[in-house]
Amino acid sequence: MKHHLRKTTLIYGAALLFSGCLSEKKDNLMIGTKSETISEKITQLLSKMTIEEKVGQMNQYNGFWDVTGPAPKGGNAKTKYEHLKKGWVGSMLNVRGTENVREVQRIAVQETRLGIPLIIGFDVIHGYKTLSPIPLAEAASWDLKAIENSARVAATEASAAGINWTFAPMVDISRDARWGRVMEGAGEDPYLGSKVAQARVKGFQGDDLSKPNTIAACAKHFAAYGFSEAGKEYNTVDIGTSTLHNMVLPPFKAAVNADVKTLMNSFNELNGVPVTGSSYLQRDILKGKWNFNGFVVSDWASINELISWGRAKDKKEAAEIAATAGSDMDMEGYVYVEELAKLVKDGVVKEEILDDAVRRILRVKFELGLFDDPFKYCDPANEKENIGNQKHHEAVLDVAKKSIVLLKNEDNLLPLKKEGQKIALIGPLANDKNSPLGSWRLASDDNTAVSVYEGMQKYDKNSLTFEKGIDLVVGDVAFTQPVKINTSLNVSEINKAIQTAKNADVVVMVLGEHGFQSGEARSRTTLDLPGLQQELLEKVYAVNKNIVLVLNNGRPLAIEWAAEHIPTIVEAWQLGSQSGNAIAQVLYGDYNPSGKLPMTFPRNVGQVPIYYNYKNTGRPNQEPHVFWSHYIDSENTPLFPFGHGLSYTTFEYNDFKINGSNFSKNDSIKVSVKVTNTGTYEGKEVVQLYIRDLVASVTRPVRELKGFELINLAPGTSKVVEFTLTKDELGFYNNNGDFIVETGDFEIFIGGSSATTLKETFSIK
Ligand code: NOJ
C-alpha cells in the first residue's frame, strides 16, 4: 500500500539525524543471569525503574508511515522521538521493515537509561505481504490445520520484517453482517470461533515464542465489539449476561487457554461501560477468573475516547479509570504518558497497578527473547528470503481453495469443462487484482492478487472471453478512505458484456463487494450487490441463464434474487494473493469445494441479526393466525444457513448412534455416524454435530454446534465419524457467569449443515 505520510516521514528523518548524535551504546541489556527465572529478572528490572519509565512501558506510539486510526495531530513525530530516547515508550506499532525497526529498537536499547527493548506491533490480519484469504473466509474452510498454517506463514513474513507482535486474531463473534469487521473474524458461532481462535494463536506463536519466526498474538477486541448496535461501527453494545458469557467470551477464553500473550480491548461500551474502562471484564474475568498473565493493550486511543463516551471528564480521569480497570498499554492515546506518573505521585493510582502492568509487558518481551537479542527480527537477509516466497504462495493458495463455499449448483454447471465450452467471463471484479486482497493489508502491494481472469486463462485461453460490463468503484481506493461506488452506466460496455454472454455456453460472473467495502469503519445499511451489479446480473440473465455467479465479498450478502434465479453460486470471499488461481481450480474441478458458511446468509437486511443458534421464543409455530414469531413480508429462514456448503459429490449420513440414552453429568457420551460419498468425485465433508438442551434454567438455543470433523472420502467409500460429548459441551453459563450442567433431555443433530434434520435424543439424569 502507498504511504500517505510524507510530512511525518520528513520529521522522522530529522529526528533520526538528531538521535544519531546521542550517547554511546549502553551495556545494560544483561538482566540477571541465565539461570534466573523470567519473574526474577522482571523483579530486578522493575526495582531499577522510575515511575516515568514504568509508565513508558505502558505507552505505545504509532510509527511514521502507516496509519490505522485517525492520524495523529501534527508535530508529534518529534515528541515521539524525544519520548523514545527518554525510555517513555514501551512499544511501537506500524513500524515495519528491518531497517526501520532496527532504528527505533536501537534508540530504545542503546540510548535509553535502562535499554529496555520495544515490542513492535502490527496488524498482521491475514498475512503480511503474501496474503491469505480474509479471516471470515478462512473460517469457512473449517480446516484448523490450514488456518494454523496460514497464521504461521503470516508470522514468518512479519517477523522477517521486524515485527514481533500481531494484533490478531480478532475473535469477536458477530451476528450482524452490516458490521464491516465481520470480515476479520470467524463468524457467528462461539464453538467454531473458539477453535479458529486457538488455531490462529498457535500459528502465530508457534511452539516457542523465543524463536525468531514466531510472534506474540493478540485476541481482540475485548469484549463484545461484534454486537455493536445496528452493525454501526464504534457503537453502543447492550447485551445480557447470557449472551456475554455464552456467545462473546468463549473465544477469548479459548485464546487464553491457548496461551495467547496479549489481548486488545475495544472501542465499544458494554451496558453503559466503555470496555477500555471495564474492571469487570479486564480484572475480574480476564486476569482474575481466567488467570491471564499476559497484557492488555487498548485499542487506538480508546483510553482517550473514554472522554467522548462521557465516562471520564478529562485525560487525567481517563488514565485513572483505564489503568485501574486493567488496560496495561495505551495505544496512541497520549493519556498514560501525559497523566499517569503524576496520578501515581499524587496517590490517586497505586504504584502496584503500574508494577502489575509493567510486569505483564516485560514478561512478553522476555518470552520473545528480546532481552537476549533485541535485533533478532531485524535481519535483512532473512527479510529478503522469507517475504513473498514461493512456499508461502503455495500455502495461501491451499487455504484459499479450501475457503470457497459452493452455495448452489443446480444444473451441475460446475465443474466447467476444460475444453469444448465457450465461456464468457463477466463482471467488474473478474479481472480485478486489487479487491481480492481484501481489507487490512498494509504491507502488501496493490494489484498483486491473481485475478479470476488470470486464473481461468491457465485452463483454457481460447474459449474464454472477458468483458467487465461495468465498473464497481470510481477512482483510487485506499484503506483510510471511503470507497466510491460507481452508479453511472456505460451503455457500450454493458452491451459488449451482454453480447458476449449471448454467444457463450456458460457465463461466469464475478460480482460482489470491493475489498475495502468491509473492514474497520465499513458498516453498510444494505447487503445487496453494490452499484450497478444487480442490473448487470439481470441483463445477462435475460440472454443466457447458464450463469455461474462467483461472489467476492467480505460479509454475508442478501442475494435473494440471485439465489432464486441463478443456477450456480460460488462464495469466494476475498481470497488474498492467490485468489484467481484458487477460484479457477474450483471452477474447473481441480479442487472439489469443501467450505461451509461460518455466518448465516440472510434473505434481506431486515432479518439481521439472523443466526442459527437463536432461541425458540414462546411462539415458534406457524398457526392459522398471525400471532406467532415471524415477519409478514419475509420468511423466517435464512437464504443459506450457517454450516451450509455443497460439493461436486454427495454425502449420505447413516447409522447415527449414541452409546446409551441416559447419562450422568460426568459421563462421556460417544456419538457416531457413518458418512458415505455417494457421488462420483472425491470430496471433503465437514461433519457437524449440534445439540439442543430442551429445558434449562436459562433458555438454550434451538441448536448449538458442539463438534465437527473434516473428512475426505473417495467415491463409494464411507467413514464412521465419532464424537465425544462431555460436560464441557453439555453445560452453559448461567446468568451469574458460572458454568453449569443441568439434568434433562437433549436433542442431538448430525449432518452437513446447521439445518440438518438427522436427530437422536438422550437424557442427563
Ligand atoms: C484499530 C483497530 O480497531 C484495531 O483492531 C487495530 O489493531 C488497531 N487500530 C491498530 O491498527
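**Figure 1. Overall fold of the predicted model, with 23 helices and 26 strands.** The radius of gyration is 27 Å, close to the 27 Å that the globule rule gives for 765 residues, so the protein is as compact as a globular protein of that length. Along the principal axes, the C-alpha atoms fill a box of roughly 75 × 70 × 50 Å.

Figure 2. Of the 765 residues, 63% count as buried. The exposed surface comes to about 28,100 Å². Carbon and sulfur atoms supply 49% of that surface. Contacts between residues at least 6 apart in sequence were also examined: 79% of them join residues at least 24 apart.

Figure 3. Thr 68 places a polar side-chain atom 2.4 Å from an oxygen atom of the ligand. For Asp 123, a polar side-chain atom also lies 2.4 Å from a ligand oxygen atom. Arg 181 has a polar side-chain atom 2.6 Å from an oxygen atom of the ligand. Taken alone, the ligand exposes 290 Å². The protein buries 100% of that area.

**Figure 4. Helix H4 and the glycine just after it.** Helix H4 covers residues 76–86. Its buried residues are Asn 76, Ala 77, Lys 80, Tyr 81, His 83, Leu 84 and Lys 85. An α-helix has 3.6 residues a turn, so residues three or four places apart point the same way. Among the buried positions of H4 are Ala 77, Tyr 81 and Leu 84. Just after H4, Gly 87 takes a positive phi of about 80°.

**Figure 5. Helix H13 and its packing partners.** Helix H13 covers residues 315–325. Buried here are Ala 318, Ala 319, Ile 321, Ala 322, Ala 323 and Ala 325. These buried residues pack against four helices: H11 (279–289), H12 (305–309), H14 (335–345) and H15 (351–368). Just after H13 comes Gly 326, with a positive phi of about 105°.

Definitions and conventions
Residues are numbered from 1 along each chain as its sequence is written. Side-chain values use heavy atoms; hydrogens and water are left out. A polar contact is a pair of N or O atoms within 3.5 Å; within protein, one must be able to donate a hydrogen and the other to accept it, and residues adjacent in sequence count only if both atoms are side-chain atoms. Accessible areas come from the Shrake-Rupley method with a 1.4 Å probe; for residues, only the protein chains shown count as cover. Helices (H or I, at least four residues) and strands (E, at least two) are DSSP runs, numbered from the N terminus. The radius of gyration is taken over C-alpha atoms; the globule rule is 2.2 Å times the number of residues to the power 0.38. Buried means under 20% relative accessible area, exposed over 50%, partly exposed in between (1.4 Å probe, protein chains only). Contact means heavy atoms within 4.5 Å.
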